[in-house]
Structure formats: structure tokens, C-alpha cells
Amino acid sequence: MIAKRIIPCLDVRDGRTVKGVHFVGLRDIGDAVELGSRYAEEGADELVYLDISATYEGRHTFTQLVERIASHINIPFTVGGGISNADDAERLLAAGADKISINSAAIRNPSFIDELANKYGSQFVVVAIDAKTINGKWMCTTHGGRQLTERELMSWAYEAQERGAGEILFTSMDHDGTRVGYPCDTYAELSSMLSIPVIASGGAGTSEHIAEVLTRGKADAALVAGILHDGVTTIPEIKDFLHKQGIPVRLT
Amino acid sequence: MIAIIDYNTGNIRSVINALQRIGADDVRITSDKELILSASHVLLPGVGNAAAAMEELKKRELDTFIPTLTQPVLGICIGAQLMCESSEEGDTRCLGIFPTPVKLFPSSLALPDGQRLKVPEMGWNQITSLRSPLFTDIPEGSFVYYVHSFYPALSNSAIAETEYGFPFSAALNESNFYGTQFHPEKSGKVGEKILRNFLKL
């Protein structure tokens, strides 16, 4: 039986990982390759590396980091942050990334999804969606939640799938960093509508929250960051809990 | 020397990295037949579209050459599918090394827990009914990493099975030819052990 995936997310600036609450107040956590290796050994199913400096600064350091990750880490990893054209994608694929995550660029130019999927295959393309509730509707945002768009979550996720996305990574900006849990009804609606996997992101405070989004929320995977980086819990603890709840996970 | 067959298909970098992690230092990426013939082991990786990949093999006249190889050959993902009889992807005639059709997962299938069978299958799934030296010291039910929308059907050539809505061939073998639908190069320690086992064949 296919396992539900636990995916640590490492925000990277200048080759080192950081994580902020509501995307502000960043703190330095450590070396990106070392931290990733530790998570892989502990049983992480994949890793996500987000280059949070990419939009503003040069990307050379990040590409070199991706090469180091690819040669050291023996599980799949996704890279994202500031990927705005096919050249960026090509550069990261050549450096050894298994998947790329695109967000603002896809909303700005939806045919970017088609272009990447046609060129490299859907399995290479994760479409990340940051959304928040505005008057009871889930509206997509860009630039780390700073810019509101006219796009609604469900219709945009479906369009992304039809254009060739291989997975949808949905972050609720209302929950990200709060550790109060995920909006499970929204995840369930999203996952039931889509034929591609859904990764839940933002809001986990406990293993119970993760269990809930993987069952009631019907998510295929959960992205976790703060509760791992801060030592609130560990991957083995999360997986052990999920296993005891009867949720299929890969135990190592 | 280990040869990775170069036919302009996707991400072979991860295969090279995995081989280097397990200590294989002489790895060549090549479509040169003489060089491939001189290799102790040959890998046929691949991502993307089976029909397009088959065309790339034909362009290099590798479609008639690969089935004549006598050293251990390992196809991975699309590489394994190309070693099958045919693929529903682009209605493609493949190399015919395994007498096995490659089919598309039905995306409308509902799982027993009420969740939907997602296509592509993306993530870690278990291999069972292991029956090959390729899986020496690999426990039944070990998890390996999959990314695929098409699968090799159950077959007499199967040496491992995986269930995703229904069982399919996770790995296949005919004489010196091996194929894994999963990605050993991305399957953590289990995958590295499988690659080590292949290099001992």
C-alpha cells in the first residue's frame, strides 16, 4: 500500500536553512545538506528546499547547493523559490533536482505549467498555492502571501492539474506558522476534486494535526517545518504516531 | 566500468549520484556501442514519455542493439517499460525483452479507505513476492520510491510485485535483463542495497 509521505521543508537563504512564522522574522537554523541528510536518515520521505532569497538576490549559491544535495541525499527532493522561467527550471534539473515547485510564476503565466510539463514531464512540476480566506472564499496569493490575486483556490488547482502539474502543494496562509492544525475540510474538497496528489502545508503543531489532514483531509503528504526545526517533535515520533493510528507510513 | 545508456532522456544525474554514493567510480554515460559492450554492467534509466524515449533509442539504433547484450542490464522506470513488449503510452512497440504489456493506471479508481487512486502514483510503496538475487537481503514489504502513470502488468517475468489499487510488476527479469518500475536511485538505503546487488550480478 502506498505510504502517506512526511516531507520536511527547509527554507534556504545563502545555502543555510531558516524558517519564519508567517514568513517574517527569519532565524538561522543550519546547514541545508546536513539538516536534509539528518531528516532523510530519520525517515523523511522527501525533502523540499525553498530558496527564499531567490526573488531578490542571485541564485548561483542555491544552484551549487542543489548539486551538493543531489550528490549527498538518497531520497527525492523538490526545489522551489523564485523559479520564473524555463531556464531556471532547466538549471535546477541539471543540478539534480527531482521536482521543482512553482508558485507566483504559474499564476502570472499559467502556460508556464504546460511548458514545463511538456518539456520535462508532469512528475517534475509541483504547483504550490498559497491561499487565504477573504470573505469566506479561499483566494490565492503570491510573493509569500504579500500579494492577493483574483484566483480562487479550487478553480486554480484544477486548472494547474489540467495544464500538467504533477502535484499540488497547498498552504493556508491563515494557518501557516500558527501550529493550530490544518483546514481539513478544504483539503478534503481539494483532494477529492483532483486526480493528482495533494501535499498539505502550514499549520501543523502536533502529530494529531498531521494524522487529521492525512485522513479527514484526504491529503497524500504533509509538509512539515517549524515543529521539526524547533525540536517540538521528530520524524520518527510523527511516523510512529501515524502508524499507531493505522495510517500507512514508511517505517525505516 | 558501468555504462549508463545515453539516449537524451531526462534525469540520469540522480542515477550517477547514487552509483557514486555506493562507491562505483568508473561510470560512463554513452550511446557508443563498443563502449557499452565493454561495460561490466549496463543501466538504461529514463523519465518522461515512452513513445518519445523509444524514438530516441531507434535514432541511435540502440533498439536492436540492447536486446543482444549479454552482461547484466538494469532498466529503471521508463527504461524498464521500454524493455517490455508494448506500452499504452503512445501505443508504442517496445524492445520485447519482457513479454509484458505496459498499461495506464485508471484515475477513477476508488481505494478501500474511500480515497481516490491518484495518478501518477507518486511516493513510497511496498515490494512483495521478492524472488531474485537483485533483492538479496531486502526484506519483504520494503518501501521503494515510485513516480509513474503507466505500469508493467503482472507477468511471468515479474520478480517483485507492488499493489496500487491492484498488483503490478514492480520488477522484472529475463536472463541477464532486469527492470525496476520504481527508482532505486531515490529509494534511500533499500534502493542503494538493490543497486549494490545489481552490481554483484
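A salt bridge here is a side-chain nitrogen of Lys or Arg within 4 Å of a carboxyl oxygen of Asp or Glu. Lys118(B) and Asp220(A) join their side chains in one of these, at 3.0 Å from N to O, and the count between chain B and chain A is two salt bridges.

This is a predicted model, where local features need pLDDT of at least 70 and side-chain atom pairs count only at pLDDT 80 or more, while totals for chains, interfaces and linings use all residues. Residues are numbered from 1 along each chain as its sequence is written, chains are lettered from A and ligands numbered from 1 in the order in which they are written, and side-chain values use heavy atoms, with hydrogens and water left out.

**Where the chains meet**

Contact means heavy atoms within 4.5 Å; by that rule, chain B brings 32 residues to the interface and chain A brings 43 residues. Together they bury about 2800 Å², with 51% of it on carbon and sulfur atoms (buried area is the accessible area, 1.4 Å probe, that two parts lose on being put together, summed over both). Lys118(B), Met122(B) and Trp124(B) supply 26% of the area that chain B buries against chain A, more than any other three residues.

There are also 21 residue pairs in polar contact between the chains, both residues at pLDDT 80 or more. A polar contact is a pair of N or O atoms within 3.5 Å; within protein, one must be able to donate a hydrogen and the other to accept it, and residues adjacent in sequence count only if both atoms are side-chain atoms. Strand S8 gives the largest share of chain B's side, six residues. Strands are DSSP runs of E, at least two residues, and helices are runs of H or I, at least four, numbered from the N terminus.

**Glu121(B)**

Strand S8 of chain B also holds Glu121(B). It counts as buried because its relative accessibility is 0%, and buried means under 20% relative accessible area (1.4 Å probe, protein chains only). Beyond its neighbours within four places in sequence, Glu121(B) touches residues including Ile2(A), Phe105(B) and Tyr164(B).

| Residue | Partner | Distance |
|---|---|---|
| Glu121(B) | Asn125(B) | 2.7 Å |
| Glu121(B) | His148(B) | 2.6 Å |

**Chain A**

Over in chain A, there are 10 helices and 12 strands. Buried residues make up 61% of its 252 residues.

Notes:
Buried means under 20% relative accessible area, exposed over 50%, partly exposed in between (1.4 Å probe, protein chains only).
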